[in-house]
Amino acid sequence: MTAARLRRRLLVRGVVQGVGFRPFVYTTAAEFALTGRVYNDSSGVVVEVEGAPAEVDAFSRRLRERPPPLAVVESVEEHTVAVRGGTGFHIADTTRHDGGRTLASPDVAICADCVAELRDPADRRYRHPFITCTNCGPRFTIIASLPYDRARTSMADFAMCPRCATEYHDPADRRFHAQPIACPDCGPRLTYHGPGPGDPITAARNLLRDGGILAVKGIGGYHLACDATDEAAVARLRHRKRRGDKPFAVMVPDLERARTVADVDARAATLLTGPQRPIVLLGGRMTLAESVAPGIPDLGVLLAYTPLHLLLFGLPGDEPGPQHLVMTSGNRGGEPICYDDRDARTGLAGLADAWLSHDRRILVPCDDSVVRLVDGEELPVRRSRGYAPLPLTLPTPVPPTLAVGADLKNTSAVGDGRYAWLSQHIGDMDDLATLRAFDDATAHLCALTGVRPEHLIADAHPRYRSTRWAHEHAGTRPVRTVQHHHAHIAAVMGEHGLGAEDTVLGIAFDGTGFGPDDAIWGGEVLAAGYKGYRRLAHLKYVPLAGGDASVHRPYRMALAHLWAAGLDRAEGIPSVRACPADERAILSHQFRTGLGCVPTSSMGRLFDAVSSLAGVRHRVDYEAQAAIEFEGRSRGVDPGARRYRFTMDHSTDPVGIDPAPVIAEVVTDVLTGIPAGVIGARFHAAVAGSIVELAAEFAAETTAVALTGGVFQNALLLSTARRLLREKGFHVITHRRLPPNDGGLSFGQLLAGNAG
C-alpha cells in the first residue's frame, strides 16, 4: 500500500528576504525528506512542501517557531493543495505580482563567522573588506526595489566569479543565495586618496595614527574619523565640522576595548554586540581626549560593525592603528550625511585630510542609531541603521498614508493596513540639502513598501517645513494635521498596542510644539486616545522672547521665569550676570509689553532656565545641551531634606502647573551657595513629583500613564518618575522601539490622523 502524502503551500510574510530564509527552508525540507520548492515573490516567501503528513506538520511548526535569527515572521498562511509528486526540493526563480508586499531587512553587522574568515590567512576572503554572508552585511542601503535579489541591489554592478557563484548556489554553504556575496576577485574595490604610501588600509591607518582626519565610506554613508585619544585631532575635527560642544561617538574594535572607556554591564554588552550595533550611551570616559564629549558624563560607544572598520583597527600581526576612533557622520553641521562619492569629495573637502572609499554604491543613506539604557530598559534616541525599515504593527488598520513627521529629528512614515514603516533618521529640516534627503527617503520608502499614499498627515504647526512640504506635494490628496503632543502620545500608545477606544493620561514634555491657541506648548497633561485629546493641565505660560534666540541662550529663559515669578529684580544670579545689560533692558520691555514674545508652556525651556539659574549653561551649541549637562551634574546626588514643589492652580481650566515656587527655591539655593548638582537633584525630584501628583489628581481619566516627548530622554527624570508612578499603582507606558523625541512623531501622526 502506498503511504499517504500531503502537499501544503505556505505564504510567509514579514522580514523574510535577505535574511537566509530560503536556504533555511531548503535545509529544513531536506531534513524532513520533503519535496517541493521555495521562492520569493512580492508578498514574501512562498513554500510548497510534499511528503508524509507528520513530516509536513513538523516542517510547518519549525517554520513558525524556529526561523532564521534575522527573520521576522509576521504571518504564515497555509493551504492544502493537490499532490504533485516529484523528487527533490529546489529554490525557484523569484516572481512578482500585484497586491503583495514583503518587508526589507535592515543592514546587519558583520557576523562571527565572517570575522573568523577575515582573520584567517588560509581563507580566500582573508582581509577582504567586503566579506559578508547570508547572516550579515548590507541590506536596506543597497536595495533599489523588492523582491530582494542581486539584480535589484547595487551589487548588480559586480558579476560573481565562478567560485562565488558555486557558493551562492550550494545549499550547504553559508553564502547560499546571499545577495551581497563577493570576494577579492569579483567584489568592490577600496581606494585611498590622501597622503602616505601603502595599500589603502595601511595608508589610512597611518594617517589616523599621525593625527589626521579620515573620511571613510561605510554601509550607509561617510564617517569622519580620528584618534579619540588625540586631543589635537579631536579639537581639529570639532572646529572643522563646526560642531561646537556636541559630543562625538567613539568606535572600538571589540567589547573588551569598550570596557576600557565605559561602564558596560550585561544589558549594555548585549546591545553593543547585537546585529544592529547602535551607538549606546554609557557612563565613563577613561583614557580619551576630554573634547570627545565635553561637559557630560555619558559617552556614545559603538563596536566596529563592518569588515572595513575591523581592518582599520588592525588584525593580528598588523602594526595597530588607534584603538578608539571618533566616528561621526560625514557632513557639516546641520547637513545630511554624505553618501555619494562625488558629493563626499566636494562636501567633505576642508574637513577630511584623506578619503578611504570603495565602488559599491550606497542607494539609501542611513546614519548610525543611538540608544540608551534606563533601569536596564532600552530607550531609543535615534532609530536608523540596523532598525530601519523594520515595520511596526499598527493596533488599528489604516489606509495607505504618508506621515511627514516634524522639523527636528525628522523621520517620515508610511502606513497601510496593519503595518507602518518609518524611514531612517533624516535630520533637522532647516536647509535645502535635508529637504532633498527627505524627498529621496520618502520616495524610496514608498517604492520599497509599495504604499501609494491616498492622503498625507503633518504637524499642525503652519510654519513647519515638513507641513509645507506635505501641502506642496499632496496634489489632489487631502492633508490632515495632528497637534504635536497628541501625536507624541499616540506614538507611545501605538508602540504598546493600545486599541482604538483606549485612553491614557499623557504626560508630554518637550521643547516646542504648536498649540491651537497659538502658544508654544511643551509641558502638557492630556487625556488622549487616537481620536482626540483634552488638555487637563499645562505648565503655566511664560514669555518666549525672540524665538530661537531664547532657545540658544538659556539665560533668556531664566530671566523670563524670574519675571513670571516676580523675581526679576534678583541680583547675584548667574543668569542675570550672563545677560548683557542692554539685552536685559530690551528683554524687560518685551516681558512687560509682550512685544516680540509668544507664550510658552515648554518643560524643555524650564530645564534650560533652571540650568542657567544654577550656573551650569547659559548658551548652547546643540539642542538640549543645557538640560543634558544639568542632568549630568545631578545624577547620583543626594538632594538632602529640602524639597522643591510646583503648585497647581485650579482656578483655571486647564489646571495651571505653576513653576514660580520652584524658581523661588532655586534662587534661594543659588544665593546661599548650594552646588548646582544638588539644585539639579532637587529640581528633577520636583518635576517627577509633579507628574505623580497630576496622575493622582486625574486618576479618574485612566490608570495608564504615558510618558513621552524629548524631555523623557533624560534618564534621571524618566527613571524617577516611572518608579514613583509604579509605586503608586499606575500602569506606566514609555517608549521602547521609537524615540520619545520627534524621531517617533510620524508613527503617532499615522495613528491619530487616521482615527478622526
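The second largest pocket of this predicted model holds about 490 Å³ of space. A pocket here is an open set of points on a 1 Å grid over the protein atoms alone, with protein on both sides within 12 Å along at least five of seven lines. Volume means the space filled by probe spheres set on the points, which are joined across faces, edges and corners. Because the model is predicted, local features need pLDDT of at least 70 and side-chain atom pairs pLDDT 80 or more, while totals for chains, interfaces and linings use all residues. Residues are numbered from 1 along each chain as its sequence is written, and side-chain values use heavy atoms, without hydrogens and water.

**Second largest pocket**
- Its lining has 22 residues, and P336, I337, Y339, D343 and A433 lie nearest the centre. Lining residues have an atom within 4 Å of a point.
- Helix 10 (341-347) and helix 11 (432-449) are the elements that give two or more residues to this lining. Helices are DSSP runs (H or I, at least four residues), numbered from the N terminus.
- Helix 11 supplies the largest share, five residues.
- By class, the lining has 10 nonpolar, five polar and seven charged residues. Ala, Val, Leu, Ile, Met, Phe, Trp, Tyr, Cys and Pro count as nonpolar, Asp, Glu, Lys and Arg as charged, and the others, Gly among them, as polar.

**Cavities**
- Six cavities of 30 Å³ or more are counted. In a cavity, a 1.4 Å probe fits but cannot get out.
- The largest cavity holds about 140 Å³.
- Its lining has 18 residues, with P129, I219, T306, P307 and R360 nearest the centre.
- That lining divides into 12 nonpolar, four polar and two charged residues.

**Helix 1 and helix 2**
- Helix 1 (residues 21-31) packs on helix 2 (residues 53-65) at about 150 degrees, with axes 10 Å apart. Axes are lines fitted to C-alpha atoms over the stretch in contact, and angles run from 0 to 180 degrees between N-to-C directions.
- The two helices are therefore roughly antiparallel (over 145 degrees).
- F21, F24, V25, T28, A29 and E31 in helix 1 meet F59, R62 and L63 in helix 2. Contact means heavy atoms within 4.5 Å.
- Six nonpolar, one polar and two charged residues make up this contact.

**Helix 19 and helix 21**
- The axes of helix 19 (residues 625-634) and helix 21 (residues 676-697) come within 7 Å and cross at roughly 100 degrees.
- So helix 19 is roughly perpendicular to helix 21 (65 to 115 degrees).
- F630, E631, R633 and S634 in helix 19 meet residues of helix 21 including A676, I679, F683 and H684.
- The contact has five nonpolar, four polar and two charged residues.

Definitions and conventions:
Angles under 35 degrees count as roughly parallel, over 145 as roughly antiparallel, 65 to 115 as roughly perpendicular and the rest as oblique.
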